[in-house]
Amino acid sequence: MHLEFEAHVSAEVMAFRMLEYRSRLAYTYRKPVYSIILYIGSAGRGDSGQHWLSDSMMWRYEVIRLEDMSSDTLLATDNLPVIAMMGLTKQAPQDMLQGLDKLETRD
């Protein structure tokens with residue numbers, strides 16, 4: 001799995017970077033590569049994660065925009081490193097705190 005965090009690069013530049021990273025990883029390790037890009041803030045708005053150069057060349061990767069996620073979605077993962085990214089969402093601080101209170105009561 002290849003995780004990429006990005007805050008400043010355009011979707012076009014990122015598409016070709018992801019192509020390069022994925023092909024290098026696949027070549028080096030001779031294993032399938034699953035790539036996910038987590039955009040922070042307003043970066044990558046035009047990136048669908050699906051790109052074509054011609055009919056014969058296409059590549060894909062998962063696109064997650066943290067800014068568009070709710071704290072409830074992150075809390076539902078029950079994964080502390082993922083939950084720690086709540087501050088990168090558009091969620092209001094009071095809603096985040098309420099969500100964390102719910103997490104504490106679930107234990």
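Buried means under 20% relative accessible area, exposed over 50%, and partly exposed in between, with a 1.4 Å probe and protein chains only. Keep that scale at hand for Met85, which counts as buried because its relative accessibility is 15%.

This is a predicted model, so local features need pLDDT of at least 70 and side-chain atom pairs count only at pLDDT 80 or more, while totals for chains, interfaces and linings use all residues. Residues are numbered from 1 along each chain as its sequence is written, and side-chain values use heavy atoms, with hydrogens and water left out.

**Stop 1: the whole chain**

Show the cartoon. The protein has 4 helices and 5 strands. Helices (H or I, at least four residues) and strands (E, at least two) are DSSP runs, numbered from the N terminus. Trace the chain and the pattern reads β-α-β-β-β-β-α-α-α. Of the 107 residues, 33% are buried.

Next, contacts. Contact means heavy atoms within 4.5 Å. Among contacts with a separation of 6 or more, 51% join residues 24 or more positions apart.

**Stop 2: strand E2**

Select 35-39, which is strand E2. Here 5 of 5 residues are buried. In a regular strand the side chains alternate between the two faces of the sheet. Color Ser35, Ile37 and Tyr39 for one side of E2. Color Ile36 and Leu38 for the other. Both faces are covered.

Two strands pair if DSSP finds at least two bridges between them. E1 and E2 pair in the parallel sense over 5 bridges. Leu3 has Ile36 as its bridge partner in E2. E2 also pairs with strand E5 (residues 62-65), again in the parallel sense, over 4 bridges. Look for Ile37 opposite Val63 in E5.

**Stop 3: the largest nonpolar core**

Select Met14, Ala15, Met18, Ile37, Tyr39, Ala43, Trp59, Tyr61 and Val63. These 9 residues form the largest nonpolar core. Such a core is a set of buried Ala, Val, Leu, Ile, Met, Phe, Trp, Tyr and Cys residues joined through side-chain atoms within 4.5 Å. Helix H1 (11-29) and strand E2 (35-39) are the elements that give two or more residues to this core. H1 gives the most, with 3 residues. In soluble globular proteins, nonpolar side chains tend to be buried together.

**Stop 4: Glu6**

Go to strand E1 (residues 2-6) and pick Glu6. Is Glu6 buried or exposed? Glu6 counts as buried because its relative accessibility is 9%. Its side chain makes a polar contact with the side chain of Arg17 at 3.3 Å. A polar contact is a pair of N or O atoms within 3.5 Å; within protein, one must be able to donate a hydrogen and the other to accept it, and residues adjacent in sequence count only if both atoms are side-chain atoms. Leaving aside neighbours within four places in sequence, the contacts of Glu6 include Met14, Ile37, Tyr39 and Ala43.

**Stop 5: Asp47**

Move to the loop between E2 and E3 and select Asp47. Asp47 is buried because its relative accessible area is 2%. Which groups does its side chain reach? One is the backbone nitrogen of Gly49, at 2.8 Å. Another is the side chain of His51, in a polar contact of 3.0 Å.

Beyond four places in sequence, Asp47 touches Ala11, Met14, Tyr39, Tyr61, Val63 and Arg65. Draw a C-alpha to C-alpha line from Asp47 to Val63. The pair is 16 residues apart in sequence and 7.5 Å apart in space.

**Stop 6: the E3-E4 hairpin**

Select strand E3 (residues 50-54) and strand E4 (residues 57-60), which pair in the antiparallel sense over 4 bridges. They form a hairpin with 2 residues between them. Trp52 has Met58 as its bridge partner in E4.

**Stop 7: Arg30**

Select Arg30, in the loop between H1 and E2. Arg30 is exposed because its relative accessible area is 59%. Its phi is positive, about 55°, although Arg30 is not a glycine. The charged end of Arg30 sits over the ring of Tyr27, 4.4 Å from its centre. That label requires NZ of Lys or CZ of Arg within 6 Å of the ring centre and within 35 degrees of the ring normal.

**Stop 8: Met85**

Finish in the loop between helix H3 (80-83) and helix H4 (93-106), at Met85. Leaving aside neighbours within four places in sequence, Met85 is in contact with Phe5, Leu38, Leu66 and Leu74. Met85 and Ser71 are 14 residues apart in sequence and 8.9 Å apart in space, C-alpha to C-alpha.
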